[in-house]
Amino acid sequence: MVQVQLDRQTVTTLVAEATAAPSMHNAQPWRFRFLAAERLVLLRADPDRAMPRSDPGNRALHIGCGAALFNLRVAAVHASLVPRTRLLPDPRDPLLLASVQLADLSEAPQEKDLWRLHPAIRQRRTTRHPFSEKDVPESVRATLQAAAAREGATLLFPGAWHVETLLELVRDAESRDLVRAEGNEDLVRWTRLGSGVDTAVDGVPAYAFGPRRRDGKAPVRDFSGRGQVPDRGDADFERTPRLALLGTRSDGPRDWLMAGQALERVLLESTLAGLSTSLTSHPLEDRELRLLARDPGSGVGHVQMVLRLGYGPKGPATPRRPVPDVLSIG
């Protein structure tokens, strides 16, 4: 009979691993509260970290919080706990995104399949460097598709014509940003340059930008804009990027949270399979472009994220907020 003492250190470790999840521009839009008497972790959205220009409906915010929720589930299983998860548990409180009761093994069966994903939480990186032209094996693709399906989402590997359509949408999004100065407000807010790099606890620091794209078609967002970053080189990126679309049948807050969990499950499986990954929401931030990202024959009703997969160098770890800044214990 396994019983885990939920002291402050244990809860702090669980939340630290939860917050290793990716989020749009690394804004980390989450807060956690632990209710000791109920052994309950509450996950709340942090509206101060929302992006009104590029994410006006908070879709990406929910996806990031969903990814953190999945990491929390994995960390709990690794700590010999059973995470009983409820999404949107209180309709009167839309900022309360999920509750997770941490039960002992004696009270419920454990999600043992999550155990093996735990090492990948700290190994996962967003990589803005070139990948090789090597294709992703069909067996690996099948594993990633099964991972998305386990969380109620669909992962599609688009054909050549659809990939070209997606790349056109990325270029269209980039062009729209150039003519609409206000479109870059969120990106500028979360970009860390100069003296702010060394002390950053959130956002995308200059050392994580990767090289400028000299040639190639990989959809890698350039966080430097028109600015110059010292000692930043350029490189040729892959000409045939391997892309995947993560989608859900419906398109509301619950679906976004499910998409975030599916996204993180896919990313952790990718990490264990030796893949490098990066994400782009650029063509999904405009409603018109997002609708065009769909493949009508794919069964993916609403595209929630575009993933770039391949074989290449690991990116650097990006900063995280100290756990005391995001966790309260009551």
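Predicted model: local features only at pLDDT ≥ 70, side-chain atom pairs only at ≥ 80, totals over all residues.

Biologist: Why is H1 called oblique to H2?

Modeller: Oblique is what's left after the other classes: under 35 degrees is roughly parallel, over 145 is roughly antiparallel, and 65 to 115 is roughly perpendicular. The crossing angle is roughly 135°, so H1 is oblique to H2. The crossing is also right-handed.

Biologist: Which residues of H1 and H2 make the contact?

Modeller: On the H1 side they're Leu14, Glu17 and Ala18, and on the H2 side Ala68, Asn71, Leu72, Ala75 and Ala76. Sorted by class, that gives six nonpolar, one polar and one charged.

Biologist: And what makes H2 oblique to H8?

Modeller: Here the axes of H2 and helix H8 (residues 253-272) come within 7 Å and cross at roughly 55°. Roughly parallel needs an angle under 35 degrees and roughly perpendicular needs 65 to 115, and the rest count as oblique. With roughly 55°, H2 is therefore oblique to H8. This crossing is right-handed.

Biologist: What residues meet there, and how do they divide by class?

Modeller: Arg59, Ile63, Phe70 and Val74 are among those in H2, and they meet a set in H8 including Trp256, Leu257, Glu264 and Leu268. The contact has 12 nonpolar, five polar and four charged residues.

Biologist: On to the strands. What is the order of the strands in the open sheet?

Modeller: The four strands run E5-E10-E12-E11, with antiparallel pairing. From one strand to the next, the twist averages 30°.

Biologist: Why are E5 and E11 called edge strands?

Modeller: Strand E5 (154-156) and strand E11 (276-280) each pair on one side only.

Biologist: How do you know that E10 pairs with E12?

Modeller: Two strands pair if there are at least two bridges between them. Strand E10 (residues 242-248) and strand E12 (residues 302-310) have seven, in the antiparallel sense, so they count as paired. Arginine 242 stands opposite leucine 309 in E12, and the bridge partner of threonine 248 in E12 is histidine 302.

Biologist: What about E5 and E10, how many bridges do they have?

Modeller: Three, again antiparallel, and the cut-off is at least two.

Biologist: What makes E10 mostly covered?

Modeller: Seven of its seven residues are buried, where buried means under 20% relative accessible area. Arg242, Ala244, Leu246 and Thr248 point one way, while Leu243, Leu245 and Gly247 point the other way, and all are buried.

Biologist: Where is lysine 134, and which residues does lysine 134 touch?

Modeller: Lysine 134 is in the loop between helix H3 (118-123) and helix H4 (138-150). Leaving out residues up to four places away in sequence, lysine 134 touches Arg242 and Tyr311; touching here takes heavy atoms within 4.5 Å.

Biologist: How far is lysine 134 from glycine 274?

Modeller: Their C-alpha atoms are separated by 13 Å, and the two residues are 140 residues apart along the chain.

Terms used:
Residues numbered from 1 in each chain as written. Heavy atoms only, no water. Helix = DSSP H or I, 4+ residues; strand = E, 2+ residues; numbered from the N terminus. Axes fitted to C-alpha atoms, helices over the stretch in contact; angles between N-to-C directions. Left-handed = near helix turned anticlockwise from the far one by under 90°. Nonpolar A, V, L, I, M, F, W, Y, C, P; charged D, E, K, R; others polar. Buried < 20%, exposed > 50% of the residue type's maximum accessible area, 1.4 Å probe, protein only.
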